[in-house]
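Here is a short report on charged pairs and a nonpolar patch. Look over the sequence and the structure before reading on.

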Amino acid sequence: MDPLDRVVKPKTKRAKRFLEKREPKLNENTKNAMLIRGGNANLTVTEVLKDIYAVKKPFAVLYKKKNITRPFEDQTSLEFFSKKSDCSLFLFGSHNKKRPNNLILGRMFDYHVLDMIELGVEKFVSLKDVKNSKCPEGTKPMLIFAGDMFDVNEEYRRLKSLLIDFFRGPTVPNIRLAGLEYVLHFTAVDGKIYMRSYKVLLKKSGCKIPRIELEEMGPSLDLVMRRTHLASDDLYKLSLKQPKALKPKKKKNISHDVFGTTYGRIHMQKQDLSKLQTRKMKGLKKRPAEKLAEDGGATPKKSKSA
């Protein structure tokens with residue numbers, strides 16, 4: 001039996017809070033990512049992992065020791081680290097002659113590898129190489145994807161989903177204009193993926209809406225796609241399943257148009273408009289001849305009493 005699967009009763013309040021944090025919830029916690037160095041990671045891969053860790057903090061765990069593993073051949077060590085650190089996202093870096101400057105981006109479902117994509121780093125500019133000012137730790141980024149491949153090709157579509165999952169950060173109920181200060185831009189063109197990061201500068205424009213400028217901040221990566229390990233359609237559909245409590249209840253006879261306007265339909269019995277009470281006016285009163293026509297003929301006159 002796996003020691004991580006056994007039932008453990010908490011003995012302290014701290015242990016109880018730790019176990020409650022890992023329990024299934026209707027609204028998930030913000031996904032954490034683990035960044036792992038392979039047994040033969042070079043300086044470039046190590047710097048990439050450190051910069052991604054700086055961007056992802058505080059929702060990331062950086063393993064500084066080297067771990068000799070090959071995720072595409074054996075995934076048990078990744079699943080072990082996932083359970084140990086309670087991380088559902090991972091970035092594994094390695095380097096060898098066949099696949100230099102190699103990154104493997106992936107995610108877990110129920111502590112098992114759901115899908116992962118291997119990317120090669122062709123060009124890298126570090127955070128410290130760009131001398132501009134940086135965003136504070138924990139800033140939620142705005143994600144922009146450019147290129148038809150993200151919508152046409154299934155592997156690029158899954159890569160887009162992976163990148164959104166990895167960098168999206170916490171879910172927030174409200175957005176503040178001054179908080180929109182960090183942009184991650186991904187461009188897919190000519191078989192390559194270009195990752196660029198910018199800091200948003202709000203300049204004076206002479207009106208209420210500020211003038212926006214983008215200042216490159218780093219890190220900057222030129223990537224090429226290599227191997228992929230994608231989940232089957234059934235497993236992927238199962239991972240997207242939501243609990244019934246979160247699904248909005250369907251309301252009858254209510255519809256919405258493309259602009260978000262709500263329309264309601266009311267069902268009523270057929271009305272007899274001839275009996276509709278209108279405003280009482282002399283001009284609208286019926287004449288005796290009209291009344292006789294409606295009654296179907298003349299009514300017998302009352303005989304005068306002698």
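Which residues are linked in a network of salt bridges? They are K31, R107, D115, E154, R157, R158 and D165. This is a predicted model. Side chains of opposite charge can pair when their charged atoms come close. The structure holds 15 salt bridges.

| Salt bridge | N to O distance |
|---|---|
| D165 and K31 | 2.9 Å |
| R227 and E73 | 3.6 Å |
| E154 and R157 | 2.4 Å |

**D165 and K31**

Start with the pair of D165 and K31, whose closest N and O atoms are 2.9 Å apart. D165 lies in helix α5, which covers residues 154–167. K31 lies in the loop between α1 (13–22) and β1 (33–38). Is D165 buried or exposed? D165 is buried, because its relative accessible area is 11%, and the cut-off for buried is under 20%. K31 has a relative accessible area of 27% and is partly exposed. Both residues belong to the network.

**E154 and R157**

Helix α5 also holds the pair of E154 and R157. Their closest N and O atoms are 2.4 Å apart. How many residues apart are they in the helix? They are three residues apart, which means a separation of about one helical turn. E154 is partly exposed, at 38% relative accessible area. R157 is partly exposed too, at 35%. E154 and R157 are also members of the network.

**R227 and E73**

Next come R227 and E73, whose side chains meet in a salt bridge at 3.6 Å, N to O. This pair links distant parts of the chain, 154 residues apart. R227 sits in strand β10, residues 220–229. E73 sits in the loop between β2 (60–67) and α3 (76–85). R227 is partly exposed, with 27% relative accessibility. E73 is exposed, with a relative accessible area of 55%.

**A nonpolar patch**

Now turn from charges to nonpolar side chains. Which residues make the nonpolar surface patch? V172, I175, L177, L180, L202, I212 and L214 make it, and the patch is about 650 Å². One of them, L202, is found in strand β8 (residues 192–203). At 40% relative accessibility, L202 is partly exposed.

Notes:
Residues are numbered from 1 along each chain as its sequence is written. This is a predicted model: local features need pLDDT of at least 70, side-chain atom pairs count only at pLDDT 80 or more; totals for chains, interfaces and linings use all residues. Side-chain values use heavy atoms; hydrogens and water are left out. A salt bridge is a side-chain nitrogen of Lys or Arg within 4 Å of a carboxyl oxygen of Asp or Glu. Helices (H or I, at least four residues) and strands (E, at least two) are DSSP runs, numbered from the N terminus. Buried means under 20% relative accessible area, exposed over 50%, partly exposed in between (1.4 Å probe, protein chains only). Patches are made of residues with over 30% relative accessible area and no salt bridge: like charges are joined within 9 Å, nonpolar side chains (Val, Leu, Ile, Met, Phe, Trp, Tyr) within 5 Å. Accessible areas come from the Shrake-Rupley method with a 1.4 Å probe; for residues, only the protein chains shown count as cover.
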